[in-house]
Amino acid sequence: MKRSQFIPALLALPFTLLMSCEKSSAPVGADHPKAAKKLTIAFLPKSKGNSYFIACEKGAREAVQELGAELLFDGPTNTDPAKQNEIVENWMTLGVDVIAVACENREGIAGPLKRAQEKGIKIVTFDSDTTPDARSFFVNQATPQGIGEALMDEAARLCAEEGEFAIITATLTAANMNEWRKFIEARLAERYPKMKLIDTKPCDDQKDKAQAETTNLISANPNLKCIMAICSPAVPGAAEAVKQAGKAGIVKVVGLGLPSENKAYLKDGVTQSVILWRVADLGYLTIQAAYAVGTGALEVGSKSIHAGKLGEIQIDGTSIILGKPFVFTKDNVDQFDF
Ligand code: RAM
């Protein structure tokens, strides 16, 4: 989708998200100060087999090319917090300049990240944060409130604001999803008294497990009206279960997923709407931030960063927020190429 088409799509959104409005007089990175030596930025996804993080990697590669930096990309094959820690320790020994990480376990990875910081390695998180003392900045896809409310409002719309729904999450310890869940539940309590969250099941960021959990939820709950799948592999997993149960359109599917993985289910009327952000841009912005932190151009207290083709991005405290998510349905899914 071209940028010129993307912006009107954003403006058409039925919800708004909180973003920092503070302006900086001198944006960081406006003139892209080059590092004295070539910076090595190590990029650690939650799992490297997940198409979501493969899309992030694409944007990350584009940014390192523009900036003239070196990229190391590695991660667990499937979500595995211990493996993430091990990779951080290896990169410490290697002496990389910056580590950018999507944290599987917020507290569990903080120790290795702090040790890396003590060695002079800069840390930036993206997608899912660690504790603030273990990194300089968190590159967030959108505000947790915006994501949580968008999911809840969309589920309520699909259910005519009435009935039972269940959540499929990645893991019960996933920091980003737990933040989103708080806002989903707050919105539910505040706006939708006739809807009931009956269960929340983890799928370890795996499509097959999401499918199995959805199948169980459908059998155990004959009145189930909607599955809200809040990690990307869970959306097609839930849809496949609904389809195989012969419940397309009866049990609605909404979630956070990739257009490419959900197109067929949207067109078949199994999945009704999917919410996401431009994932490659999240990888691109993360590298822009990592580079600026690595060169010393971006420091805590900066109010904005000039992020290459993304332009000026505001900084809210230590959060760099990509922007607003958008909804895709069977009518617009063909416009997206990721
Ligand atoms: C999965 C990951 C990631 C999350 C997306 C929506 O791919 O768990 O952390 O942001 O889903």
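**Entry 1: two helices**

At what angle do α2 and helix α10 pack, and how far apart are their axes? I looked this up first. The model is predicted, so I kept its ground rules beside me: local features need pLDDT of at least 70, side-chain atom pairs count only at pLDDT 80 or more, and totals for chains, interfaces and linings use all residues. Residues are numbered from 1 along each chain as its sequence is written, and side-chain values use heavy atoms, with hydrogens and water left out.

I found that α2 and α10 (residues 279–295) pack at an angle of about 45°, with their axes 6 Å apart. Here axes are lines fitted to C-alpha atoms, for helices over the stretch in contact, and angles run from 0 to 180 degrees between N-to-C directions. Helices (H or I, at least four residues) are DSSP runs, numbered from the N terminus.

I noted that α2 and α10 are therefore oblique to each other. Angles under 35 degrees count as roughly parallel, over 145 as roughly antiparallel, 65 to 115 as roughly perpendicular and the rest as oblique. The crossing of α2 and α10 is right-handed, a word for the near helix being turned clockwise from the far one by less than a right angle; anticlockwise is left-handed.

**Entry 2: α8 and its partners**

Next I followed α8 (residues 234–244). Its axis lies 7 Å from that of α7 (residues 207–220), and the two pack at about 40°. That makes α7 oblique to α8, and I wrote down a right-handed crossing for this pair.

With α9 (residues 259–267), the axis of α8 comes within 9 Å and the crossing is roughly 25°. That makes α8 roughly parallel to α9. This crossing is left-handed.

**Entry 3: the largest cavity**

How many cavities of 30 Å³ or more are there? I counted three. A cavity is a set of points on a 1 Å grid over the protein atoms alone where a 1.4 Å probe fits but cannot get out, and lining residues have an atom within 4 Å of a point. Grid points are joined across faces, edges and corners, and a volume is the space filled by probe spheres set on the points.

The largest cavity has a volume of about 110 Å³. Of its 17 lining residues, Tyr52, Asp127, Met177, Cys231 and Ser232 are the closest to its centre.

Which helix gives the largest share of this lining? I found α6, with three residues. Both α2 (51–67) and α6 (175–191) supply at least two. Domain 1 (40–141 + 279–322) and domain 2 (144–276) each give at least three, with bounds from an automatic or database domain assignment.

Notes:
1 Å grid on protein atoms, 1.4 Å probe; cavity = no way out; pocket = protein on both sides within 12 Å on 5 of 7 lines; lining within 4 Å.
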